[in-house]
Structures are given as structure tokens and as C-alpha cells.
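Subject: A structure to look through

Hi there,

Here is the structure I promised to pass on to you. Please open it next to this email and follow along as you read.

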Amino acid sequence: MKLTKRCLTAASLGLALGCASLSASAGTAFVHLFEWKWNDIATECEVNLGPKGFDAVQISPPHEHTAGPYWWTRYQPVSFTNLTSRSGTEAELQSMINRCHAAGVKIYADVVMNNWASYQDHGNIASGGDSWSPRNYPDLSSQDFHNDCTISNYGDANNVWDCGLYGMPDLHTGRSNSQDYVANYLKKLTAMGVDGFRIDAAKHIRPSELDTVMAKANRPWSFLEVIGASGEAVQPTQYTYIAPVTEFGYGTAVAGNFNGQIKNLKTLGTSWGLLPSDKAIVFIDNHDRERGHGGGGNLTYKEGVKYNLANIYMLAFPYGYPKVMSGYKFTDTDAGPPAGNTNCDNAQWVCQHRWANIANMVGFRNFTVGAWSVNNWWDNGNNQIAFGRGDKGFVVINNESGALQQTLQTGLPAGDYCNILAGAAECSGPMITVAANGMATFNVAGNAAAAIHGGAKGTGCTTNCPLAKVFPQLNVRGTFNGWSNKAMTLVANNTWETTITLTGGSSQRLKLDVYGDWSQNYGDTNSDGILERTGADIYNAGSGDYKLTVNDQTLAYSLVKVGQCTTCYTSVLPTLSFRGTANGWSTSAMSLVANNTWEVTVSFDGQSNQRFKFDVKGDWSQNYGDNNADFVLEQTGADIFTNVIGSYKVRVNDQSMTYSLTAQ
Ligand code: AAO
């Protein structure tokens, strides 16, 4: 799929952007940052979207809209000339466009032209300060709208096109005044650097009239929201001559098979009644469907692991232009975004695009885009599948709770590849070796996936490899050695260790110092076992030999008296407990069964909402969950849902912070 090149306009405006990165010939994968503020999107482009390879971001509608706390007030426009919305001002919009372009990320704006504001329960002063009443707005008045009626019959095309969606005033797009007004808005956004548009409720605009509007706007790259439903008078295929269309059937089909058998997904495409690939914008869920607005029947973030796997499938399978949904948690389907700025560290924001598996699969899609075919398909006749993308990439998806162990033909050149789905970084897990004949062995845990591609290959080191480290060196200094430097030793990936002799006393304390000159030193301000840069001195009144261990990736540390350990295995955490519905959220102490490996046997009964977390001290002060269902723990992460039944060994590696469930 070719995207319109935006370099010319943007460059002529003198914007700081690299044409090479923005003129990529194909749309690979984009994200909808639903209800994010412009300033936060700008930062996200720089910090995450650009580095992870998302080629564009769909933003919430930038026009002025009716007042009220609900998210959907954004879909009730008041003015296209006043661009102050809940997401920010016009100046902030411009700054975001510039910053995202500089990070190599395009902007697609959501455009609501069909239906205009009618909701006045929170007054008639709109987001930008303009006053209005239904059919009377700052720039439009009654004659610019169709006669007042409400869509009531999807079997009648004229009713769908000429009456108001949910009774909202319906713009008369047959009138040249209305067409010019919308076209001028699109041209204004294009001049600001916007790279494309989602045309909201396109289904409710006559195709010929929408085509005229787009022609008047000089045909910017767009995609059209047209929900296909059988038996209705207006169908997506009536619009594909204008632009690609949202393929709602895709999410329904993927969800149906992830809840059935994913082996069927081998042939997903036009033979399933879906649009041609180059006409289809695809998504697992969108902002409407996750709320049951615009139909439900698909997977959402609430399905956790299955949703994660479905997104992996979407980003691996060569069909359509995929859009990743990213929003906030809700129970009330009308609820607007959490107050304040968007913050992915705040659990109220789901931030699906930062889930490690989803983010890393964008790199897979980018690398495999030139190999637009499914090769070397394998399945177990049920819910374990694997397929390749020519000689570029290979993915294995295990939608079953049992582990998958298979040696498969990948079609890839021989070499060591990073399993990009093993952790947060693309190369955080063990290498997967493709032999000279293209075969590779995959060990994939239940409800997990593995993926390899030529853009993330290993160094080739398989034996005596250098240990990973963040710090070039590390010293401990404290009252025990008169604050001089004692060098620590790298004993495992990211793990520094040394033994120090303490003499006791309440003023005994220490700190960690990278270069031994205090320029980069670490303490522990809140005594939670995690270091902070220039944090407070670490107090310990003990005496005798103590083993100090520091993980320079997670910044977790421990100080354990030598000889006091029961098993004498190495660990980063001093203790660890399992807590969840299975034990009524009490603490089940885990045992160290190998270096860094904690284990406990848990009896699961598969009750609905069955979930658990890990807790270091048994008081929740340092607890771990999994925000993105990728089997890598995050501190204060989300509850981990599981539907397993029976006796399971639950294991945590406190160095890699991975966890697993193995049936007994
Ligand atoms: C709000 C309030 C209303 C109030 C109204 C006016 O919620 O109570 O009456 O204001 O003051 C969003 C919200 C609306 C909100 C609106 C305006 O979702 O709740 O109304 O803002 O603030 C149709 C359209 C489609 C539309 C979808 C929601 O065709 O374009 O409804 N989506 C877009 C946006 C959406 C936005 C708008 C449009 C309006 O994405 O966020 O609305 O700008 C069938 C039809 C579809 C139809 C759906 C839902 O599809 O085929 O065309 O979508 O029904 O009415 C199964 C179902 C089938 C369903 C299909 C969809 O097959 O059986 O019914 O799935 O996959």
C-alpha cells in the first residue's frame, strides 16, 4: 500500500523533518493514541513511537467540540476554524506535528464532518470558548445541514446518508458551501503538516459527495470509517474507490478464531469476504468496539494474553494496514480520559502500544513488509501456529495453555536470531539458532509467542559470550571501608556482586558509586530495595560478612548475610511471596530452588477473574505484576489473569523478572 508523500508540503513550511523517513513507500503499522494530549503525543513520538518504528499516530479530533466529561464529546464538532480541543491548543498541535515528524512519525487526524454537535447538557460554550446551538455554529448555520431527522433504517441508503447519526445535525455535503468548509479544514491541517485523515462516519456521507470534498482538498491520504454489516443498504465496497476503508470484519474474524481455533487464520483475507488487502485498515479493536459502541464481539485489552497474541498475529500476518489501539482503562463506557497528562506509568492508561510484544512486533512488520506472503505455515491442528514471511521473519503463536516445543522450517538464512518476544528489549532472551537447512527449535510457554527476523540478529556469540551490563564498572563505599571504593564484580548478565564486612552500629551505611568519584552514585531513598540515582544512604546495622548484589538494569539490590541463606543460591530479592485469588491474597512464601529462581506450587481452580501478583516483603510495598501479558514482571504492574485449573509450579526469575506457570 502506497502512502502519499508529505515531504514537499512539510519541507516547504521549513519543518524540521527527514523526508527519507516520512516518505516510506508503505504504511507499515500505526497506533491510535486515543484521547492523548498533543504535548504527550509529541514526547511519545520521540521516546517510543519513532524508536519502535511506528510509522504514524492517529490523533483524536483536533477541532473545537461540545463541552462535557465524556470521550465522545470530541465527536460533536462546533468549529473547524477554532482548533482548541481537550487535547490542547492549535499551537500545541503544530508543535506536536513538528516534533513527531522530526522523530520520523506521521500524523493522521480524525476528522468528524458528517455529524455536528447536539449535546448541550454541559452548556453551550464549546472547548475553544465559542457558543453554539444545534444547527447554528460559529461558521455554519441551518441551511448547511440536511433536514432534521434521525437515522432509523440501515436498510435505506437515503436514510443512512441524509438523516442524523443519533439525531445529530447532518452536514449537507451536497452543498458546495459545506464541501468548501470541510475541504478548507483539511487543507489547513495538511499545511500544518498533517499526513493523513481518518474520515469519521464516512458511511453516512454519499460516496460521490465525499469524493468531491476529497478532490477539493487535493486528495490527501485518508481512510474512511465505513462499518460493514450484512443486509445493510450502504456497504464498504461503495467507498473503496475513494480511499482504503476500516475493515471491521477483520477484528471479528480474528477474535472468533482466537476463541476457537487459530489454525483457521492461515487463509484470512478476501476469501473470508474481507476487502482486498490494500483497501483494508485492520485492527483488533478500536475506541468504539472496546466499549461496545459500533458493535462488539472482538477482543480488547481486558482479555490480556489473548489480546496480546491477537495483536502479534495482526502485526505478523500480511493483510491490510494494521492499527494498534492504545487507550485508558474504563468500566463506564462513556467515561472520558483520566485527569491530567497521559502517563503510561499510571496504570489507568493501558498503553497497549508499549506492551513489549506489540511494540517489538512493529519492528517485525517493518522488516518483513517486502515479503508479502505466508510461507512455511505450521499448525498443530488446533491453537498453535507458526508461519514465515519469505526469508525475512518467522513467528510462532501458542494460543494454548500448554508449552510448545517444535523444530520448524523457518525459511530464514542460517544464524543466531533474537527472540523479539522474550522481553522488553528486542534481544533480551536466549538466541534462537537457525541451522543451515533453515530449521530452528522453538520452546514457547503457554499463551505466549516467539518471533525472529533478520533485523534483530544476534552477534553470533553462543559460548563464552561477554556478560551484559549497563554500568561499565561499579563500586560500593560506606562507613565499613571509610567511604573508599570497593570494586564489585560482574558475575552474571547485569548482576554485580561483592562481599563486604560490616561491624554494626546504627549509623552504619553505604552507597553505590559507578565511577568511584560520586559523579554517578546510587542510594535507596524509600528503602524499597530499588536504587535511585543520588538516593539516600542505605543503612544496615548488621555485623559480619554480607553479600551485596546489584542488578544494573532493574536497579534492584540485596544485602544478605553470608551463611544465613538456607539454600545458598544467589538472588536479587531477599524473599518473595505469591499472592492471588488462589490463596485468598494471603502470602505463600516462594523458595529459592536455583540461582535467581523462586518457586511455589499453587492450586488453581479456574474461577472467573482468577489472578495473582508477587510481593517481596508481604506488605505490598514492593510488588510485581504484568502490565502487558508478556511474562515479564513490572513493579506495581497489573494483576496477572490466568484461566488455568489444577496444580501448577509458579516460578519467578528475579534477574530477568520473567515468570512461568507449569502444570504439575
Ligand atoms: C452520543 C451519545 C448518544 C447521543 C449522541 C447525540 O452516546 O447517546 O444520542 O451523542 O448527542 C461517538 C459515540 C456515540 C456518541 C457520538 C457523538 O460512539 O455514542 O453519541 O460519538 O458524541 C454507527 C456509525 C459509525 C459510528 C458508530 C458509533 O456508522 O460511524 O455508530 N462510529 C463513529 C465514531 C464514534 C462516534 C461517531 C462515529 C459519531 O467512531 O466514536 O460516535 O461521530 C451497526 C451499523 C453501524 C453503526 C453501529 C452502531 O453496526 O452497521 O454503521 O455504527 O451499528 O450504531 C454488529 C451489530 C451492528 C453494528 C456492527 C458494527 O454487526 O449488530 O449493529 O456490529 O460492527
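Let's start with one stretch of the chain. Helices (H or I, at least four residues) and strands (E, at least two) are DSSP runs, numbered from the N terminus. The unreviewed UniProt entry annotates residues 375-457 as "domain: Alpha-amylase C-terminal". UniProt positions are given in the numbering used here, feature names are shortened, and annotations may be inferred rather than shown by experiment.

A word on the background before we go on. This is a predicted model, in which local features need pLDDT of at least 70 and side-chain atom pairs count only at pLDDT 80 or more, while totals for chains, interfaces and linings use all residues. Residues are numbered from 1 along each chain as its sequence is written, and side-chain values use heavy atoms, with hydrogens and water left out.

**The disulfides**

How many disulfides does the structure hold? There are four, where a disulfide is a pair of cysteine sulfur atoms within 2.5 Å. Let me walk you through some of them.

C149 and C163 form a disulfide with their sulfur atoms 2.0 Å apart. This pair links distant parts of the chain, 14 residues apart: C149 is in the loop between β5 (106-111) and α5 (157-162), and C163 is in the loop between α5 and α6 (176-192). The link of C149 and C163 is left-handed, with -100° about the S-S bond.

C149 counts as partly exposed because its relative accessibility is 26%. C163, with a relative accessible area of 8%, is buried.

C344 and C351 form another disulfide, again with sulfur atoms 2.0 Å apart. Their torsion about the S-S bond is about -90°, so this disulfide is left-handed. Both C344 and C351 are buried.

In the disulfide of C418 and C427, the sulfur atoms are 1.7 Å apart. Is each of these cysteines buried or partly exposed? C418 is buried, since its relative accessibility is 1%, while C427 is partly exposed at 40%.

Now find helix α4, residues 90-102. The helix has 13 residues and reaches 18 Å from its first C-alpha to its last, close to the 18 Å expected at 1.5 Å a residue. That expected span is 1.5 Å times one less than the number of residues.

Which residues of α4 are buried? They are L93, M96, I97, C100 and H101. These residues are on the same side of α4 because they cover an arc of only 125° around the axis; the arc is that of the directions from the helix axis to the C-beta atoms. An α-helix has 3.6 residues a turn, so residues three or four places apart point the same way. On the other side of α4, A91 and A102 are exposed. After the helix comes G104, whose phi is positive, near 85°.

**A glycine in a loop**

G297 sits in the loop between β9 (280-282) and α9 (305-316). Its relative accessible area is 62%, so G297 is exposed. From G297 to N346 there are 49 residues in sequence and 28 Å in space, C-alpha to C-alpha.

**Two sheets to trace**

Strands of a sheet pair through backbone hydrogen bonds, either parallel or antiparallel. Here, two strands pair if DSSP finds at least two bridges between them.

β21 is joined to β22 (residues 495-503) by three bridges, and the two run antiparallel. L490 stands opposite W496 in β22.

Another open sheet is made of four strands in the order β31-β32-β37-β38, and its pairing is antiparallel. Its edge strands, β31 (591-594) and β38 (658-663), each pair on one side only. Inside this sheet, β32 (residues 597-605) and β37 (residues 645-653) pair in the antiparallel sense over nine bridges. T597 has N653 in β37 as its bridge partner.

Enjoy exploring!

Best wishes

Notes
Buried < 20%, exposed > 50% of the residue type's maximum accessible area, 1.4 Å probe, protein only.
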